[in-house]
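Here is a short briefing to read alongside the structure.

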Amino acid sequence: MVKNLHEMSGPLHMDRYTSYIKGCDGSILLDDTSSFRGEKTARPNNNSVRGFGVVDKIKAQVEKVCPGVVSCADILAIAARDSVAILGGPDWKVKVGRRDSKTASFNDANSGVIPPPTSTLSNLINRFKAKGLSAKDMVALSGAHTIGKARCTTFRDRIYNESNIDSSFAKQRQNKCPRKAPSGDNNVADLDVTTPTKFDNLYFKNLLSQKGLLHSDQILFNGGSTDSVVKRYSSKPSSFAEDFVKAMIKMGDIEPLTGSDGEIRKHCAKPN
């Protein structure tokens with residue numbers, strides 16, 4: 001059973017992160033072994049990506065019914081879809097048949113492949129483009145920040161030093177994120193200040209009001225090329241939902257392991 005909504009959002013954000021390393025192969029789920037260091041403690045993921053226990057519970061139940069058939073990568077993709085639908089978002093048919101990686105890469109996860117929260121707009125566009133995703137896909141996928149939370153370390157500089165931020169919103173976030181590190185480093189705040197437990201388009205409306213929590217959120221609406229997309233999604237929730245689904249399906253197609261490549265893990269946290 002999912003304990004809380006923060007845990008529920010974990011599979012969605014994990015699915016997005018894992019597609020950026022070697023593809024949609026469930027590598028982020030692997031614990032460290034004697035032969036490799038996993039991605040869980042890499043800089044973008046450490047104390048941030050959550051919900052591993054949710055995936056482990058799902059896998060255990062699936063293995064009881066059909067052992068050795070459903071990969072952890074597929075479970076992650078399906079759980080991501082379900083976490084969106086449960087919280088009021090769109091539903092879609094998830095392609096299945098992915099296989100799991102036998103290894104993970106701490107160094108790759110730390111290499112900057114995953115766009116950091118300090119990213120410029122051009123950096124975001126280029127990182128997504130490198131994975132075959134358009135600027136519109138990038139904005140739509142950023143809408144996943146309508147649920148979930150972020151650590152103080154990821155938005156401290158924004159709430160104290162940036163000017164394109166609503167002053168009352170900044171002060172509200174400063175209450176639990178002190179200026180001086182490491183005090184409050186692991187305190188978290190909702191990515192969507194308005195409806196944090198509902199998958200909707202208010203994330204984009206927040207950006208119009210300069211209430212994006214991360215620098216990489218607000219940069220989507222800051223006088224740049226993606227402003228028009230943010231405006232459209234803020235006024236047309238159906239447009240956001242449609243484009244989000246298309247982008248999630250495209251992301252799920254990034255370099256999957258199929259056929260005899262990889263394996264079907266018995267336990268998602270360790271290779272067979």
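Predicted model: local features only at pLDDT ≥ 70, side-chain atom pairs only at ≥ 80, totals over all residues.

**Backbone features and helix packing**

Pro182 sits in the loop that runs between helix H8 (167-174) and strand E2 (188-190).

- Most residues other than glycine have a negative phi, and most peptide bonds are trans.
- Gln210 is not a glycine, yet its phi is positive, at about 60°.
- You will find Gln210 in the loop between helix H9 (202-208) and helix H10 (215-218).
- Gln210 counts as partly exposed, because its relative accessibility is 32%, a value between the 20% and 50% cut-offs.
- Glu255, also a residue other than glycine, has a positive phi near 45°.
- Glu255 belongs to the segment that follows helix H12 (237-252).

**H6 against H11**

- Two packed helices are described by the angle between their axes and the distance between the axes.
- Helix H6 (residues 135-142) and helix H11 (residues 227-235) have axes that come within 10 Å and cross at roughly 45°.
- H6 and H11 are therefore oblique to each other, as the angle falls between the 35 degrees limit for roughly parallel and the 65 degrees at which roughly perpendicular begins.
- The crossing of H6 past H11 is right-handed.
- On the H6 side, Lys136, Val139 and Ala140 take part, and they meet Val229, Val230, Arg232 and Tyr233 of H11.
- Sorted by class, this contact of H6 with H11 holds five nonpolar residues, two charged ones and no polar ones.

**H6 against H5**

- Helix H5 (residues 121-130) packs with H6 at an angle of about 105°, and their axes are 9 Å apart.
- That angle makes H5 roughly perpendicular to H6.
- From H5, the residues Leu121, Leu124, Ile125 and Phe128 meet Ala135, Met138 and Leu141 of H6.
- The contact of H5 with H6 has seven nonpolar residues, with no polar and no charged ones.

- Asp137 is buried, because its relative accessible area is 6%, under the 20% cut-off.
- The side chains of Asp137 and Lys250 are joined by a polar contact of 2.6 Å.
- Leaving aside residues up to four places away in sequence, Asp137 touches Ala247 and Lys250.

Definitions and conventions. Residues numbered from 1 in each chain as written. Heavy atoms only, no water. Axes fitted to C-alpha atoms, helices over the stretch in contact; angles between N-to-C directions. Helix = DSSP H or I, 4+ residues; strand = E, 2+ residues; numbered from the N terminus. Parallel < 35°, antiparallel > 145°, perpendicular 65-115°, else oblique. Left-handed = near helix turned anticlockwise from the far one by under 90°. Contact = heavy atoms within 4.5 Å. Nonpolar A, V, L, I, M, F, W, Y, C, P; charged D, E, K, R; others polar. Buried < 20%, exposed > 50% of the residue type's maximum accessible area, 1.4 Å probe, protein only. Polar contact = N/O pair within 3.5 Å; in protein donor to acceptor, adjacent residues only side chain to side chain.
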